[in-house]
Amino acid sequence: MTPLLVSTLGIIAVFGLYLATISGRQAQQASDFVDGGQALPPWVVIFAGAGIALASLGLADHLALLATFGLQYNQVAVGLIVVALCAALTQKRIWLAARLTDLRTLGDLLGDYFGSTTLRIFMLVVLFLFSIPFAAMCLAQAGALVGAASGADVPPGLAIWAIAFALFVSSVIGGWRGIAYVVAAQSLLVIVLVMFFGGFTGFTVEKLAFAAGGIWTSAGILPDKIPGVIQFTAGIGKAPPIGGIWTAFAGLTFALSLAGIAISPGFSFLGITSKPHRAFAFSQVWMIAGVTAGALMLVGPVLAAEIASGESLTAFMSRLATIDQMAGVGFAVLLVGSALIAIAFFAGSGACVCTIELTSRYLVPGMDPRTIRFAARVALAAVYAAVAVIASYAPLSATIFSSLTLSLSVQLLPAVLGLCWVRWISRSGVLTGLIVGTLFVVFTESFGLILFERLFVELPWGRWPLSMHSAGWGLIANFAACLLVSLFTRSDAGRDRRDRLHEAFEESEPARLGSPAATTAKWSLTLLWAFFALGPGAILGNTFFSEPIFAGTVVAPGVPSLLIWQVLFWFVGIFIVWWLAYRGRLSVIDDLPRCRIKLVPDPNPLFEPITTPWIARLLNRVTGR
Amino acid sequence: MTPLGKNDALDRHALVMACWLAAALPAAILFDYGFGQGGAPYLFCGFAAVLTGFVAHVIVNAVYATGFSPRELGLGLIIYGAGLIAFVMTSLVSAPFAAHNFMPLSVGFIVTGAVVIFYLITRFGARQAFEGFDAIRDFRSGERDRSRSTGARE
């Protein structure tokens with residue numbers, strides 16, 4: 001299967017190179033290299049959005065976890081609807097704010113809106129986590145998959161460097177537009193392949209394991225039930241929950257962490273640099289909440305059952321290859337392709353955003369467009385080199401660091417909600433919330449626990465205590481601190497600036513949620529959905545369709561009750577996202593903004609330093625020697 | 001139909017390529033399995049995957065308000081022709097292949113051709129669709145133009 005696999009991956013690499021070349025050739029200005037001329041086509045947002053959501057989960061990891069924990073982990077697929085909901089709430093307003101203020105990244109927007117350099121630095125930290133450790137983890141995984149699929153004919157190290165080189169060449173030729181094309185095309189391929197392998201496995205594999213006996217999990221793990229609403233245990237590594245770690249609270253808080261994808265620096269950069277009309281709405285409703293969540297929810301268990309019955313992902317790949325070599329190759333391409341989306345997108349967006357936010361702003365201000373393009377290429381080279389080195393030599397560190405990525409990204413939610421909707425959320429509130437939330441995340445994730453326990457003493461809790469994901473711990477503390485501090489500082493010095501942006505929102509694209517009753521209905525329905533689909537109410541799904549409450553008897557619906565529950569709330573979830581995105585106009589852009597506003601007036605160099613004082617002092621120390 | 005701007009043409013081309021990539025890999029798997037253990041149903045599914053790619057291409061054309069470019073038409077005809085020739089030659093050379101695959105492949109090729117013709121007729125009408133492939137008429141009109149241009153020079 002090795003020659004066929006290498007040829008197929010080679011064709012995909014050449015395809016990416018071709019897209020990058022035609023895009024690079026037609027770039028009108030050198031400055032378009034970093035932002036695609038802020039005119040990416042709608043189809044890129046539509047497909048890439050869904051692909052990135054899927055790739056951020058890690059398809060290979062998702063299938064392996066589904067095979068280990070059964071349908072309790074399938075709640076994560078329902079959680080993708082939270083990504084769509086969060087995108088519906090924020091994506092259009094971020095795009096609008098960028099057009100109103102002529103800023104190009106979320107970091108710049110938040111920094112100027114709240115007047116905070118700390119927020120810019122936090123955004124850069126999150127960007128760094130996405131573009132280096134997270135991408136490195138995906139690259140290491142892709143290398144391992146190619147190595148396993150080729151029976152070690154292609155060593156994982158070689159695969160890692162070959163993949164990194166191919167993606168780097170595409171990115172450095174095509175710029176941001178080229179990267180976006182490649183990511184969108186691969187996303188479409190991966191989504192089609194997920195659905196294809198659901199059908200293909202169903203028709204070609206004899207005695208489908210899912211139909212025969214469900215997912216065979218190891219002893220002590222409930223294969224088709226959620227193991228309780230919450231379990232009062234110390235956490236993974238100390239006292240793992242009984243029956244599996246995916247309690248209702250674990251599912252809910254993990255879904256909240258997925259919202260970190262929608263407000264990540266890269267994902268928001270994709271939205272800002274596009275020229276959508278209805279693309280945001282289509283992407284959120286039909287692609288993320290509809291196709292991606294549905295494909296994972298329905299196809300995932302079928303594939304996971306086969307993987308569980310054959311012990312491993314590689315064994316299933318070999319089994320497919322014995323049925324048909326090309327099918328084995330296709331499955332390997334599906335898994336590797338999903339990793340490639342994450343690597344290309346997060347490394348590429350990381351380099352572009354870094355060029356705009358760090359290089360152009362602080363390191364070498366006043367660059368001309370050609371120099372900016374050169375700087376972006378240098379950034380791409382540095383990012384890809386770092387990613388490949390870490391993936392080759394420190395994959396475990398990459399995994400530990402990347403466990404923080406989504407949880408820290410979602411800590412920006414209060415800040416982004418402030419930018420988009422809630423003008424009284426103040427800078428002090430956001431910063432306090434971020435500090436508290438970050439501490440909670442770090443000390444409920446493996447990174448903080450390992451570091452603290454190695455340096456000081458053993459902590460009494462493990463990872464995800466009380467079966468709650470670190471993002472959940474962080475968000476509870478973050479929101480509590482942010483709202484409390486904002487209550488007392490809501491009329492601080494920055495209020496004028498915040499009001500200016502929100503008034504411009506009202507002038508350009510006012511929210512149209514309908515009458516107060518309709519607005520209440522929309523948000524109540526959303527909360528009810530969250531309660532029953534992901535929250536404590538999801539526990540009802542364990543037996544709701546197999547042991548109906550009022551019938552007093554046991555029925556055999558043919559599939560586990562929990563799966564029916566999940567599918568039911570998937571449909572309801574799509575309806576809610578549609579209602580908000582289309583009917584509520586949260587994601588439909590009717591008109592381009594006609595006015596421009598300046599959040600921060602140009603500094604007068606006679607009276608105000610152009611660079612933030614402490615950064616200027618730091619730079620002086622380095623450059624003055 | 002208005003000609004597309006530079007960026008729009010690039011966007012359309014990239015989307016068309018993405019659609020064909022997504023259709024081609026499942027089609028290749030289905031054909032490969034169909035020629036082996038799978039048999040006729042999988043060969044039909046392979047053709048269905050190719051037709052899905054074609055339908056996606058038509059949808060892209062509709063979204064961008066364009067038609068097929070001459071290069072796309074040429075490439076499509078070459079691939080279809082090459083596939084057809086390969087099928088006929090293999091059927092003539094290998095009796096087991098013909099016995100196993102002749103019916104599904106010929107049905108597949110006929111249906112693919114029929115779908116393309118159906119699209120052309122519904123898109124352009126019967127007359128225009130025929131004129132698009134009327135090589136003799138093109139040849140004659142070319143001859144007429146040449147004689148006219150030489151006359152003008154004289």
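These legends go with a set of close-up views of a predicted two-chain model.

Residues are numbered from 1 along each chain as its sequence is written, and chains are lettered from A and ligands numbered from 1 in the order in which they are written. Since the model is predicted, local features need pLDDT of at least 70 and side-chain atom pairs count only at pLDDT 80 or more, while totals for chains, interfaces and linings use all residues.

**View 1. Chain A, a helical chain without strands.**
Chain A has 25 helices and zero strands; helices (H or I, at least four residues) and strands (E, at least two) are DSSP runs, numbered from the N terminus. Its C-alpha trace spans about 80 × 60 × 55 Å along the principal axes. For 625 residues, a compact globule would have a radius of gyration near 25 Å, and the 24 Å of chain A agrees with that. (The radius is taken over C-alpha atoms, and the globule rule is 2.2 Å times the number of residues to the power 0.38.) Of the 625 residues, 56% count as buried. Here a residue is buried if 20 or more other C-beta atoms lie within 10 Å of its own, exposed if 12 or fewer, and partly exposed in between, with C-beta atoms placed from the backbone. Take the contacts in chain A with a separation of 6 or more: residues 24 or more positions apart account for 83% of them. Two residues are in contact if their C-beta atoms, placed from the backbone, lie within 7 Å.

**View 2. Helix α22 of chain A, with a buried side and an exposed side.**
(The expected span is 1.5 Å times one less than the number of residues.) Arg498(A), Leu501(A), Ala504(A) and Phe505(A) are buried. They sit on the same side of α22(A) because they cover an arc of only 125 degrees around the axis, the arc being that of the directions from the helix axis to the C-beta atoms. An α-helix has 3.6 residues a turn, so residues three or four places apart point the same way. Over on the other side, Asp496(A), Asp499(A), Glu503(A) and Glu506(A) are exposed. What do the buried residues of α22(A) pack against? Their partners are α5 (75–101) and α6 (106–114) of chain A.

**View 3. Trp570 of chain A, in helix α24.**
Trp570(A) belongs to α24(A), residues 561–583, and counts as buried because it has 22 C-beta neighbours inside 10 Å. Setting aside neighbours within four places in sequence, Trp570(A) is in contact with Val78(A), Ala293(A), Gly294(A) and Met297(A). Met297(A) is 273 residues away in sequence, yet the C-alpha atoms of the pair are 8.7 Å apart.

**View 4. Helix α20 of chain A and its cover.**
In α20(A), residues 446–455, the buried residues are Phe447(A), Gly448(A) and Leu449(A). Their cover includes α16 (395–402) and α19 (427–442) of chain A.

**View 5. Where chain A meets chain B.**
Here 21 residues of chain A are in contact with 18 residues of chain B. On the chain A side, α1 (2–25), α8 (156–204) and α14 (325–363) each supply at least two residues, and α8(A) gives the most, with eight. That side of chain A divides into 17 nonpolar, three polar and one charged. (Ala, Val, Leu, Ile, Met, Phe, Trp, Tyr, Cys and Pro count as nonpolar, Asp, Glu, Lys and Arg as charged, and the others, Gly among them, as polar.) The model scores ipTM 0.88 and pTM 0.90.

**View 6. Chain B and its confidence.**
Chain B has six helices and zero strands, and 21% of its 154 residues count as buried. Its mean pLDDT (the predictor's confidence in each residue, from 0 to 100) is 83, and 79% of its residues reach 70 or more. Confidence in chain B is highest in α2(B), residues 40–63, at a mean of 93, and lowest in α6(B), residues 135–153, at 59. Where pLDDT is low, the predicted coordinates should not be read in detail.

Gln38(A) lies in the loop between α2 (32–35) and α3 (42–57) of chain A. In chain B, Ala65(B) is in the loop between α2 and α3 (70–93).
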